[in-house]
Amino acid sequence: MLIRFRGTHSSIFHCNGFGLYCFRSQTRNQSFSSTSTPVPTHILVKYLVDSLGFSKEEATATSSKVSSLKSLKNPDSVLNFFIQTGLDKTQMKKIVSKAPKLLLRDVSKTLKPKIQCLMDLGLSGSDLVNVIAKDAQIIERSLDTHLRPTIDCLRRTLGTDDNVLKAIKRAPWLLSFGPHHTMETNLLLLRNFGFSDEKIRKLVLIYPNYLTQKPERIKDLLHRVENDFRVPRDSPVFHYGFQVLSSQKKSALDRKIGIFKSFGWSDDDILELFRKLPHCIGLSEDRIKKKLNLFMKELGLGPAYLVSHPAILVYSLERRVVPRMQVLKILDEKKLERRKFALYTAVSLSEAKFLEYFVLPYKDQIPDLYELLEKTVAP
């Protein structure tokens, strides 16, 4: 996809059909050469108001970030270029308000080749605007020594341009962070610890920041999963353990482990829980306390039972566990015959199965039972 210019015009607003007030025609007699003093602030403010529909307050705030503009010729060229790429007035206003220094950039040497690189990848319209608006440093990076090598690395990692687009739209800073070889180093570390290409692809699409962290931290986290938590590299939960550890500070992890210990858990209990379902340790401190209070203090379940049935700890108390407990309690209070499932089994059933077993058979005797569950139970 090539960007084709339709010709050279003295003003983008006169020739591109926006029906906007042509500010430059009002300043034809004012000369701002490249060696002249900067454009006065009030002139740039008026330019932004008249050309892109900024309010005076917005234009004042935006112009304060552009201190070395020598003439209005360059902003005209930049906005004309944006129109040629297919951006509308609203999109141009957004990109200029988020990255006003783009008005200073040379179109042919800087903007056109870099924007074209992003468009060749598949970015256009609002997606293109959002990516640049979120991280204007993308335009400041070298095309040949940074942008293209980084995109090539993402292609090799994620497999398709569609996946690269998903990652970039989720985390535009993937294109602007430090040296791109950091990505290569982190990818090599993950592969050395048994991460398949498919696992890496899924990991990066969900947590793209793994590619940009310091390799020393990635290496430390991988070793902690293997050595401190004793999860073998070939274990199917190894990469989940890595995700859990990398998502929190060590101090937070230590506090969570302390909560489990305060409920009588041993180190071996905690390690076994982590090896079975690492996400149990990834819960917030508040959720861990609430769940241990319910299952251990109120229901009398011990660490051994919870370690054997770890999934019960990750189900939502408010939307799943407590409502289902209430349904079972109501059935028992009314002395209705029901399936004698253990709590874990009842909680782990799909919503459809739970309704089939414990709600629908009693809709005539207890019509409110379905309404209670419909409002709260998660699928």
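1. Start with H21 and helix H23 (residues 351-358): their axes come within 12 Å of each other and cross at roughly 10 degrees. Axes here are lines fitted to C-alpha atoms, for helices over the stretch in contact, with angles running from 0 to 180 degrees between N-to-C directions. That makes H21 roughly parallel to H23 (under 35 degrees counts as roughly parallel, over 145 as roughly antiparallel, 65 to 115 as roughly perpendicular, and the rest as oblique). On the H21 side the contact is made by Arg324, Val327, Leu328 and Leu331, and on the H23 side by Glu351, Phe354 and Phe358; contact means heavy atoms within 4.5 Å. By class, the contact of H21 with H23 has five nonpolar residues, no polar ones and two charged. For the classes, Ala, Val, Leu, Ile, Met, Phe, Trp, Tyr, Cys and Pro are nonpolar, Asp, Glu, Lys and Arg are charged, and the others, Gly among them, are polar.

2. Before going further, some bookkeeping. This is a predicted model, so local features need pLDDT of at least 70 and side-chain atom pairs count only at pLDDT 80 or more, while totals for chains, interfaces and linings use all residues. Residues are numbered from 1 along each chain as its sequence is written, and side-chain values use heavy atoms, with hydrogens and water left out.

3. On confidence: pLDDT is the predictor's confidence in each residue, from 0 to 100. The protein has a mean pLDDT of 85, and 88% of its residues reach 70 or more. Residues 1-35 are the stretch to watch: pLDDT stays under 50 there, and the model has 66 contacts beyond four places in sequence for them.

4. Overall make-up: the secondary structure comes to 24 helices and zero strands. Both are DSSP runs numbered from the N terminus (helices are H or I, at least four residues; strands are E, at least two). Of the 379 residues, 46% count as buried, where buried means under 20% relative accessible area, exposed over 50%, and partly exposed in between (1.4 Å probe, protein chains only). Among contacts with a separation of 6 or more, 72% come from residues 24 or more positions apart.

5. Back to H21 (residues 317-333), which also packs with helix H19 (residues 285-298), at an angle of about 10 degrees and with the axes 13 Å apart. H19 and H21 are therefore roughly parallel to each other. Arg287, Lys290, Lys291, Leu294 and Phe295 of H19 meet Leu317, Glu318, Val321 and Met325 of H21. The contact of H19 with H21 divides into five nonpolar residues, no polar and four charged.

6. What does valine 244 touch, leaving aside its neighbours within four places in sequence? Its partners are Phe274, Pro278, His279, Ile281 and Gly282. Valine 244 sits in helix H15 (residues 238-246) and is buried, at a relative accessible area of 3%.

7. Glutamine 248 is in the loop between H15 and helix H16 (250-262), and at 11% relative accessibility it counts as buried. Not counting residues up to four places away in sequence, glutamine 248 touches Arg217, Leu253, Lys256, Ile281 and Gly282. The side chains of glutamine 248 and lysine 256 are joined by a polar contact of 2.8 Å. A polar contact is a pair of N or O atoms within 3.5 Å; within protein, one must be able to donate a hydrogen and the other to accept it, and residues adjacent in sequence count only if both atoms are side-chain atoms. C-alpha to C-alpha, glutamine 248 and glycine 282 are 8.0 Å apart, and 34 residues apart in sequence.

8. Glutamine 91, in helix H6 (residues 89-98), also counts as buried, at 15% relative accessibility. Beyond four places in sequence, glutamine 91 touches Gly86, Gly125, Ser126 and Val129. In helix H8 (residues 125-134), Leu128, Val129, Val131, Ile132 and Ala133 are buried. The buried residues of H8 pack against H6, helix H7 (107-121), helix H9 (137-140) and helix H11 (161-170).

9. Last, a backbone check. Most residues other than glycine have a negative phi. Arginine 230, in the loop between helix H14 (215-228) and H15, has a positive phi near 55 degrees. Lysine 335 has a positive phi near 55 degrees too; it lies in the loop between H21 and helix H22 (343-348) and counts as exposed at 74% relative accessibility.
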